[in-house]
Each structure stands twice: as C-alpha cells, then as structure tokens.
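Work through the exercises below with the model open. Try each task before reading its solution.

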Amino acid sequence: MKDARRTAFEVLYTVFSDGAYSNLALDKALDKIDIKDKSFASALVYGVIERKLTLDYLISQHLKTKAKPKVRIILYLGTYQLYFSDKVPSSAAINTSVNLAADTGLGSYKGLINAVLHKIDDNRIDLESLDDLCVRYSCPEHLINMWKKMYGVDKTIEILSSLNGKPPVFAVPNKLYTDAEELQYELLNSGIDCEVAGELVRIKSAFDLRSCKPFNDGLFHIEDLSCVECANALGVSEGDTVLDICSAPGGKAFTIAESMHNSGTVYAFDLYEHRVKLIENGATRLGITNIKASVSDGSVFNQQIPEADKILCDVPCSGFGIIRRKPEIRYKELDSIKELPELQYAILQTSSGYLRTGGIIVYSTCTLNKRENERVTERFLNDNNNFKLIYEKTIFPSADGGDGFYYAVMERTND
C-alpha cells in the first residue's frame, strides 16, 4: 500500500502535467491508501498547489537550472514540509524526499534533491516580510491587480490572507428532522468535534462522510455558510413554486426545500444527467420529497418549466471566491474566463422569463469579480425595467466564515 508522500507525488504529477482536477484525482487516489495517511496526503496535495508560487521562489534561490517535472514535484513536497508542515521535522522532510526520488525511479537526482533542500532549510526566509504579494501569498499578479482595481488594496490583502489553509466546514441541519443543537449532539456522539454556529454546525475535526451515521441518516448536508445565506435570501415560503436553475450538486436546493418543510415544489435543473442524479440521490438521503430534478439548459427557454414564485440563478463562474477549496483556480488566466459574463447574462435573462409578477429572483456566483457580479446585475436591470433591485451583497472570505460570494435579490414588478 502506498504511503501519503508517494500518493501526493502521483496526484500532483497528474494535476501539473495532465491538467487533472485536484479534488477528483485525490479522491481516486485516497481509496488506495491507509486511512491514517489520508489526511496527510490531502494536506500535501492541496498545500503544494496552494503554495506553488512561493515554493518556486524558495527553490529558485538555490537551484538555477530547470528541473525535470517529477524532480520539481519532489522538491515542492520537501520544501512545503520544511516551511508549512509544523509536525514534520526538517530531517524527515529532507530524508523522505530523497527516499521518494529513489522509489520513483529518480535515484540519480538524490544528491541534487538532498543538497537543495538542505540549503533551503539552512537559509530560512521570513515570508511575511516579503513585499512581493505574489510570493508571499502564492497568487498570480494578474489576479492581485484585478482585485486591487475592483476592491482596493486593503480588501485585496484581506482576500489574499484567506486563500491558504484549511477552510471551515459547515453542516446544514435537516430542518425536517433536527436543528443545530441536536445535530451537534449526534455528531459529538459519532466522535466528530464540532460547535454550533448560528443555525449551522461547524465541524472542527476530520471525518469520513461515508461512515458518518448522522449523515447517512439524512440529518445534514455539507454546504458553505455563504451558500446557505444566498439560499435563505430567496425568502421562500411553504407552498411556493421555486426554480433552482443551475442546481447540481443540489446543496442550495436542499436548504430551500427543507425550509419549505416538503411543501410546494422545488424544480432543480442541471445541464447533465449524471449531475441531476446527484441532486436526486441527495434528496432521497435527506428525506426531501418536494424536489423535482431534471435536465435543462439554463440559457435556453424551456416551455415545460412552470411559472415560479422564487428563482435561484446560481450561474457558472470563475470561482475566485472558493480558491481555498479549489486552489488551482488561482492560476486561471483572465482571458480564459472573459466569455463567462455573456453566458451568465443569458442564463439570468432566460431565467427571469419564468418568474411571476411580484416574484423574487436571486442572481449569484461564488466569485470575486465585478465583471461577473455587479456588472451582470446592472446590465440585466438596465435591459429589464420591470425588475428592481432589492439589495446586493458581496461576501469576502474569512478564516471562520463563508467563502467569497456575491448575490443580488431582485423583484419582478408590473409588466
């Protein structure tokens, strides 16, 4: 059975060389290692991806030539452990990296890896003292400059400070059966450290959902705090007809449906059948009976969709608000997302056609980019004078709070 470092090495190679998604590659690899190694392997994979620019800088101080991709990954792993793994002694970080080289067919590079890591360890740099924000926070310059322009320097520093490290995990109590206090009791009895956080429960220890009895019993689903706030902003009532236009994997639909106590109907849509199945499976586990999930393209008007009282339009986005959960997002080129606002506008415009007069539509994203957020909302309101803005909100990520998020609450007035 492979250990944590070998697993992390293989996952990082598929991410950096093949463009694999870190979460998918890691989930697949974790099934093949001992449970005691899973947490460390995950920390190494996400940590190296998070800190890649910082690690490149540290390595470049002592290695002036270009290393082979696999050698580079071993140096990443060793350097990450030296700087960011408090429980790993320097000797262990270096020795295991040298051994990893031998185990992966890179034995001829053992001397190089050993020498570079020893130099890095002997010449420590105070990262917090660096003026270069790209290196200090391991974030590309183009993204930092975009945030400075949109939100100012102070807010940008606040965003950057939240990018790295383990994000908080929140359990949303299933209102059909329980509340936060009762769910906390059940989780503590299952050996999961947690605390009540308003109407949610913040989970403070590692756990496996598949073996968690309260989860399998349908007592909660996992959803970020900002997503729950967005779902609640819809203001649903029992008996409402609600549309969740881009629903999968269904977290917001579950929160909405539970608030309606299985009354009315929540129509949950996604573009792909396998993602619709995720919504259906989640609803079944939670005992939710008022969700009807089906395939639909949010940008194309569907005559089969009924008129709605409330609509959640949570559109595909660049994801710059959830970088701490999906660290490779930070390395996206801005040119790769320039077409998104047009798609987002099309989905919002199409979705608005299903809303009854007096109804509420919420437009939302999990990104921090005004081109995808405020400007899409502004364009929509300029083009549709029968809609008015109730309020809009940008949530900035914080250590103990929700992810970066934006939502706008709008009402359809008289046609």
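## Exercise 1: Salt bridges

The count comes to 20 salt bridges, where a salt bridge is a side-chain nitrogen of Lys or Arg within 4 Å of a carboxyl oxygen of Asp or Glu. The model is predicted: local features need pLDDT of at least 70, side-chain atom pairs count only at pLDDT 80 or more, and totals for chains, interfaces and linings use all residues. Residues are numbered from 1 along each chain as its sequence is written, and side-chain values use heavy atoms, with hydrogens and water left out.

**Task 1a.** Inspect Arg124 and Asp121: what joins their side chains?

Solution. 
- Step 1. A salt bridge joins them, at 2.7 Å from N to O.
- Step 2. Now check exposure. Buried means under 20% relative accessible area, exposed over 50%, and partly exposed in between (1.4 Å probe, protein chains only).
- Step 3. Arg124 has 42%, so Arg124 is partly exposed. Asp121 has 17% and counts as buried.

Which parts of the chain does the pair Glu229 and Lys393 link?

Solution. 
- Step 1. Their side chains form a salt bridge of 2.7 Å, N to O.
- Step 2. Locate both ends. Glu229 sits in helix H13 (residues 225-233) and Lys393 in strand E10 (residues 387-395). Helices (H or I, at least four residues) and strands (E, at least two) are DSSP runs, numbered from the N terminus.
- Step 3. The two residues are 164 residues apart, so distant parts of the chain are linked.
- Step 4. Glu229 is partly exposed at 26% relative accessibility. Lys393 is partly exposed at 35%.

**Task 1c.** Where do Arg379 and Glu342 lie?

Solution. 
- Step 1. The side chains meet in a salt bridge of 3.2 Å, N to O.
- Step 2. Arg379 is in helix H17 (residues 374-383) and Glu342 in helix H16 (residues 340-352), so the bridge ties together parts 37 residues apart in sequence.
- Step 3. Arg379 is partly exposed at 32%, and Glu342 is partly exposed at 46%.

**Task 1d.** Which residues are linked with Asp224 in a network of salt bridges?

Solution. Arg324, Arg325 and Asp403 are linked with Asp224 in this network.

## Exercise 2: Ser364

**Task 1.** Is Ser364 buried or exposed?

Solution. 
- Step 1. Ser364 is in strand E9 (residues 355-365).
- Step 2. Relative accessibility is 0%, so Ser364 counts as buried.
- Step 3. List the neighbours. Leaving out residues up to four places away in sequence, Ser364 touches residues including Cys230, Leu312, Asp314 and Tyr407. Contact means heavy atoms within 4.5 Å.

## Exercise 3: The sheet

**Task 2.** What is the order of the 7 strands in the open sheet?

Solution. 
- Step 1. The order is E7-E6-E5-E8-E9-E11-E10, with mixed pairing. Two strands pair if DSSP finds at least two bridges between them.
- Step 2. Strand E7 (291-295) and E10 are the edges. Each has a single partner strand, so one side of each lacks a neighbour in the sheet.
- Step 3. Strand E6 (residues 265-270) and E7 run parallel, joined by 5 bridges. Ala268 has Ala293 in E7 as its bridge partner.
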